[in-house]
Amino acid sequence: MYRIYCDDKTLHDVRDEEYQLITPKISLELNKTGSFEFGILPSHPHVNDIKKLKSRLKVYDVDISDSGEASRLLYCGRSITDQRDFEYTGRITCEGELSYLLDTIQRPHTYGSQSGEIHKADTNIAIFKRLIEEHNSQVEKEKQFEIGIVDIDSVEIKTLATNYETTWDFINTNFLEKYEGYLRVRYENNVRYLDYVKQYGKVSTQVIRFGENLLDFQKYVKAEDIKTAIIPIGANNVTIKTASGHDGKDYVFNQEAVNLYGWIYRKVDFSDITDPNTLLEKAQEYLKKSINLAITIELTAVDLHMVDVDIDSIGLGDFIPCVSQYHGLLSTLGDVSTYYLVSKYEIDLENPANTKITLGKTLSVLSEKMASNANLKSDIRTVASSMEGIKETSKEAYDKSVEAMKVAQGITFDTIYPIGSIYMSINDTNPEKLFGGTWAAWGTGRVPVGVDTSDSDFSTVEKTGGEKTHKLSTDELASHKHSTTVNITEKQLIGTVHNFAGQGADWGPGNTVTGICSASGDDSAFYPSGTSKTTKYKDGFKIDATHSHAASATMENAGGGNAHNNMQPYITCYMWKRIE
């Protein structure tokens, strides 16, 4: 698992979807500054915190175990470019810490034993240290280096002058191209050291095998540097004509090489040698290397540590044993001289299965046939000495690496889409075909809602509810009133009249008679049954009438009684849930 920081602010952590970078990749190479590239969305919390040339970006490889977390710094550097696409997604390019040496200038100064620096800076090691001290004097602390391990061969320098070159260019031309070794930035107790070492990395126990984690093989044969005869010239034009045991010629040659490639002369200066015998000895040593082809073999492979933390990791500058009988390669286990050097390391942080390492080895032999024979002899020696061990471990290693490669293909998928994850797309391709695993269509015809444990409707995961349409009940109607017109039909009221005083009546007091009221609700006039309506009886009468009214009203129906649309604004896509 990888974590990426910018000035101690989190840029990338697979555990938090808010802090994710797009296709982050690291490229490391021996004696190069190295690069780091990634994309970043405009919604990232720290998208505006990456300051060009100023911010320090760090990439850590984090191993999680029962005992906790262990981190390994893979990369540290600064951003130099920032591109934006149509959707304003940024693409950031960074360079490694060795690039700080590009920020300083080596002003004119002469070093060496024939200068004022005699006994002070008259060797390659002493001059290298002075160059770094000069660099530190020109830059802020964040770009300075403590001088660390320097174990290259010490060579006396007579004169070496600087003339406004950048520190990086001067070291690259006058040191890296002349003295075998590698610049290495190393951290110890939070101190940044700059080492100049013969061996950059460690000797790895992981084996690169054909058919397992070996991806590609390239072989380059260079003949342009071959010399079959050389004319050595020493100090003050000393030659080898007077050297003891020599035949008076001013050159040395190799007959076997001449037979193969013909006569190829070169003049070679040995400006520090004044004795003809010593000059002859050095010339013969030089010729041994000059007659050979430079056969460079490059291998591209997968670091299995990316998929199994129990396998020894591979780092830049490590020496790795390689086994491929098909290609004529069989490192002798335990013999580092037969191992291959990791010269380049390309890490795909998003998909570790795409991570590649490039291993280089240069063979110096007289002919390609000799190189093949040398490899074959190495194969025979190794098979003879360790065949039993190979028999016992090869199948186990093969089975383990095959399984690891399968895991490699799904490591990012399992990290980003664990079981229970939801995948959304406007394409109808089942993600099983893209990532593996088992997926089922999910949420068909439904809109996702976040879990809310405080609301019983949304308190558990995958709880369903709601309806596409809904028919309102009476209780769901809004409180309201209706108005209407009522027509009343009046009828004559029939009742009983009591005569209390007997006034104007032909029936005695206390008697009763049935009659008809003259008007609705009118108790002032009464016409007893059988009398003419010209005679009214009112004084002393009490009407005790029972009556009724007839009323009628017309109500028209409103509304259709159908269910109403209950959908919010929506947009459709395909959704799957990973179930295995």
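This dialogue explains how to read several features of a predicted model.

User: On what basis are the features of this model given?

Analyst: The model is predicted: local features need pLDDT of at least 70 and side-chain atom pairs count only at pLDDT 80 or more, while totals for chains, interfaces and linings use all residues. Residues are numbered from 1 along each chain as its sequence is written, and side-chain values use heavy atoms, with hydrogens and water left out.

User: In what order do the strands of the open sheet lie, and which strands stand at the edges?

Analyst: Two strands pair if DSSP finds at least two bridges between them; strands (E, at least two residues) and helices (H or I, at least four) are DSSP runs numbered from the N terminus. Here 3 strands form an open sheet in the order S18-S17-S19, with mixed pairing. Strands S18 (252–253) and S19 (265–270) each have a single partner strand, so one side of each is left without a neighbour in the sheet. S17 (residues 229–234) pairs with S18 in the antiparallel sense over 2 bridges, and Ala-229 stands opposite Phe-253 in S18. Helix H4 (residues 276–290) packs on the sheet and touches S17, S18 and S19, where contact means heavy atoms within 4.5 Å. The direction of H4 makes about 145° with that of S17; axes are lines fitted to C-alpha atoms, for helices over the stretch in contact, and angles run from 0 to 180 degrees between N-to-C directions.

User: How is a pair of aromatic rings described?

Analyst: A pair of aromatic rings is described by the distance of the centres and the angle of the planes. Rings of Phe, Tyr and Trp (its six-membered ring) pair if their centres lie within 6.5 Å; planes under 30 degrees apart count as stacked, over 60 as edge-to-face and the rest as tilted. The count comes to 16 aromatic pairs. The rings of Phe-36 and Phe-38 have centres 5.0 Å apart and planes at 40°, so this pair is tilted. Phe-128, Phe-175, Tyr-179 and Tyr-196 form one aromatic cluster.

User: Which residues have the most contacts inside the largest nonpolar core?

Analyst: A nonpolar core is a set of buried Ala, Val, Leu, Ile, Met, Phe, Trp, Tyr and Cys residues joined through side-chain atoms within 4.5 Å; buried means under 20% relative accessible area, exposed over 50%, partly exposed in between (1.4 Å probe, protein chains only). The largest core has 42 residues, and Ile-26, Phe-36, Phe-38 and Leu-359 have the most contacts inside it. Strand S24 (residues 340–348) contributes the largest share, 5 residues. Phe-36 is buried at 0%, and Phe-38 is buried at 0%.
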